[in-house]
Structures are given as structure tokens and as C-alpha cells.
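Subject: Structure for you to look at

Hello,

I am passing on the structure we spoke about. My notes on what was found follow below it.

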Amino acid sequence: MPHGTLEVLLVGAKGLENTDFLNNMDPYVIITCRSQEKKSSIASGKGTEPEWNESFVFTVTDGVAELHLKILDSDPMGGDDFVGEATIHLGPLFQEGSLPPTAYSVVKDEEYRGEIRVGLTFSPEERKSRGYTAQEESYGGWKQSDVAY
């Protein structure tokens with residue numbers, strides 16, 4: 001499984017369902033990568049066509065297969081309204097290393113509710129082998145390896 005750093009460029013969204021009936025929406029995004037969660041700034045008054053142009057960095061470890069984006073409308077008078085969500089499968093990213101900003105479908109109640117544009121970059125971590133292929137020196141019956149752990 002890949003290990004390394006995942007950089008997420010949250011560009012913007014369009015065609016979102018307007019959950020604010022009197023004003024323009026104030027959308028923001030919660031990005032989740034397994035147990036790590038990051039929150040974008042609030043695109044105040046940007047309505048159904050918000051732009052963020054923000055970057056977020058996540059650490060990728062075993063078992064990470066997707067990135068989850070949840071779009072909410074900030075509502076100071078009560079609970080924030082759920083606008084929609086998108087799931088990005090990371091398999092192609094691990095193979096390519098980076099994906100340019102791409103539009104992903106935003107879904108709510110299993111229906112298309114617009115799209116969100118996200119760019120992704122994966123930087124693999126150099127994994128050190130714990131093999132015993134290094135030169136060994138003998139010290140009075142004991143062997144000491146020069147492998148650094």
C-alpha cells in the first residue's frame with residue numbers, strides 16, 4: 001500500500017443546489033482522508049458557484065483508498081445545511097502521482113447536485129527496507145549489522 005503525502009487543491013464548485021432561500025449560500029467543505037479531517041474557509045455569499053483555491057495536506061498510510069468531500073452551507077442562525085458530497089477514489093492518483101483539477105459529481109440523496117473541482121498530488125514516502133542485506137561485521141561471536149532502523 002502507498003505511504004506518503006497527499007496534497008489536495010480545492011478549486012471550487014458549480015451548479016450546487018441552493019439551500020439558502022433568502023440569501024446566497026456560504027458554502028465550505030470538510031475534506032476527510034480516513035481519520036484526518038480538514039475544513040476549508042467559508043466562501044461567504046458565493047452561492048452555488050463558490051471558489052476556494054485552498055490546499056490541504058494529508059498523510060497517507062495503509063488502507064487509504066478514497067477521499068471524501070462534504071459540502072455544507074454555513075448558517076449562523078442554526079445548524080449548517082448539508083449541500084452534497086463527493087467521493088474520490090485514489091487508485092489512479094497513486095499510479096499517476098498527480099491529477100490536474102478535475103470535476104467530480106456532488107451527490108445528495110443519490111441525485112446529482114453539481115460538481116466540485118479538485119486537484120490532487122501524491123508524494124510517496126521512501127520506505128526503508130528492514131532486510132538483512134547490509135554488510136555484517138563479526139565481534140567475538142556476535143554479529144552487528146550496519147542497517148539503520
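The protein exposes about 9,300 Å², and carbon and sulfur atoms supply 47% of that area. Please keep in mind that this is a predicted model.

The fold first. The protein has ten strands and one helix, and along the sequence they come in the order β-β-β-β-β-β-α-β-β-β-β. Of the contacts between residues at least 6 apart in sequence, 58% join residues at least 24 apart. Of the 149 residues, 37% are buried.

Next, the core. The largest nonpolar core has 29 residues, and the members that touch the most others are L6, L67, I116 and L120. At least two residues of this core come from each of β1 (4-14), β2 (27-33), β4 (51-60), β5 (66-73), β6 (81-89), β7 (98-108) and β8 (111-124).

Leaving aside residues up to four places away in sequence, I116 touches L10, G12, A13, V29, W52, L69, I71, A86, T102, A103, Y104 and V106.

Is R113 buried or exposed? With a relative accessible area of 15%, R113 falls under the 20% cut-off and therefore counts as buried. The side chain of R113 makes a polar contact of 2.7 Å with the side chain of E17. Apart from residues up to four places away in sequence, R113 touches G15, L16, E17, V83, V106, V107 and K108.

Regards

Key. Residues numbered from 1 in each chain as written. Predicted model: local features only at pLDDT ≥ 70, side-chain atom pairs only at ≥ 80, totals over all residues. Heavy atoms only, no water. Helix = DSSP H or I, 4+ residues; strand = E, 2+ residues; numbered from the N terminus. Buried < 20%, exposed > 50% of the residue type's maximum accessible area, 1.4 Å probe, protein only. Contact = heavy atoms within 4.5 Å. Areas by Shrake-Rupley, 256 points an atom, 1.4 Å probe, with all protein chains shown as cover. Core = buried A, V, L, I, M, F, W, Y, C linked by side-chain atoms within 4.5 Å. Polar contact = N/O pair within 3.5 Å; in protein donor to acceptor, adjacent residues only side chain to side chain.
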